[in-house]
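Please look over the structure shown here, which is a predicted model. The questions that follow concern its sheet and its nonpolar cores.

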Amino acid sequence: MTRRFLFVLGSARAEGNSELLARRAAEQLPPDVEQQWIDLTEHPIPDFEDLRHDSDHVRPTEGNLALLLDATLAATDIVIVSPLYWYSLSAQTKRYLDYWSGWLRTPGLDFKATLAGRTLWGVTALAHREEVVADPLIGTLHNSAAYMGMRFGGVLLGNGSKPGDVLNDTEALTRAKTFFTQEAPPARFLYEK
């Protein structure tokens, strides 16, 4: 299968630091690798309603949910691009991941089987010098990948608060050059190691 990257942008700010860092990393992908960028602010989705015990889930056929679902199913690599908000993912990004729960229960999708073996990545900017504060965000993505049977490529971290700050983080820009070239191992829950 030809690699196809889906970049899910979850910032409340257009062209924020996380997006700038993700675009620097994406510039390094070979030209034959397809890229699709979906900004969750431009393509908002409603709050997730958990219906797993109340009714059958229906596959969305139009609108932003259908766009996100189809793009997710078509991707070999899903990149969650979210700034670190209160030590975790942005609300828009978390809402997108919440919909995975519904898609798991949508008849005919085989969502978990389809994503198994594919790769989940993260890119985030944080306004803190100690990268350990991003552990909750990293843990969310790592555990999501483990649950889905996906590979986990890790999270590219950059430092920045004001717009464009991350472009001054030379270490992050250096890591961005090779971030998507690394081998992504199968994700495992920590208790499985």
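Two strands count as paired if DSSP finds at least two bridges between them.

Q: Which residue in strand 2 is the bridge partner of Phe5?
A: Strand 1, residues 4-9, pairs with strand 2 in the parallel sense, and six bridges join them. Phe5 has its bridge partner in strand 2, and that partner is Gln35.

Q: Which strands are the edge strands of the sheet?
A: The open sheet is formed by five strands with parallel pairing, in the order 2-1-3-4-5. An edge strand pairs on one side only, and this holds for strand 2 (34-39) and strand 5 (151-159).

Q: What angle does the direction of helix 5 make with that of strand 5?
A: Within the sheet, neighbouring strands are turned on average by 15° against each other, direction ignored. Helix 5, residues 135-148, packs on this sheet and touches strand 3 (77-81), strand 4 (119-126) and strand 5. With the direction of strand 5, that of helix 5 makes an angle of about 165°.

Q: How many residues does the largest nonpolar core have?
A: Ile78, Tyr96, Trp100 and Trp103 have the most contacts inside this core. Elements giving two or more residues to the core include strand 1, helix 2 (63-74), helix 3 (91-104) and helix 4 (111-115). Beyond its neighbours within four places in sequence, Ile78 contacts residues including Leu6, Val8, Tyr96, Trp100, Leu115 and Met150. The size of this largest core is 38 residues.

Q: How many residues are in the other core, which includes Leu9?
A: This core lies apart from the largest one, and Ala172, Ala176 and Ala184 are among its members along with Leu9. Its size is 21 residues.

Note on methods
Residues numbered from 1 in each chain as written. Predicted model: local features only at pLDDT ≥ 70, side-chain atom pairs only at ≥ 80, totals over all residues. Heavy atoms only, no water. Helix = DSSP H or I, 4+ residues; strand = E, 2+ residues; numbered from the N terminus. Axes fitted to C-alpha atoms, helices over the stretch in contact; angles between N-to-C directions. Contact = heavy atoms within 4.5 Å. Core = buried A, V, L, I, M, F, W, Y, C linked by side-chain atoms within 4.5 Å. Buried < 20%, exposed > 50% of the residue type's maximum accessible area, 1.4 Å probe, protein only.
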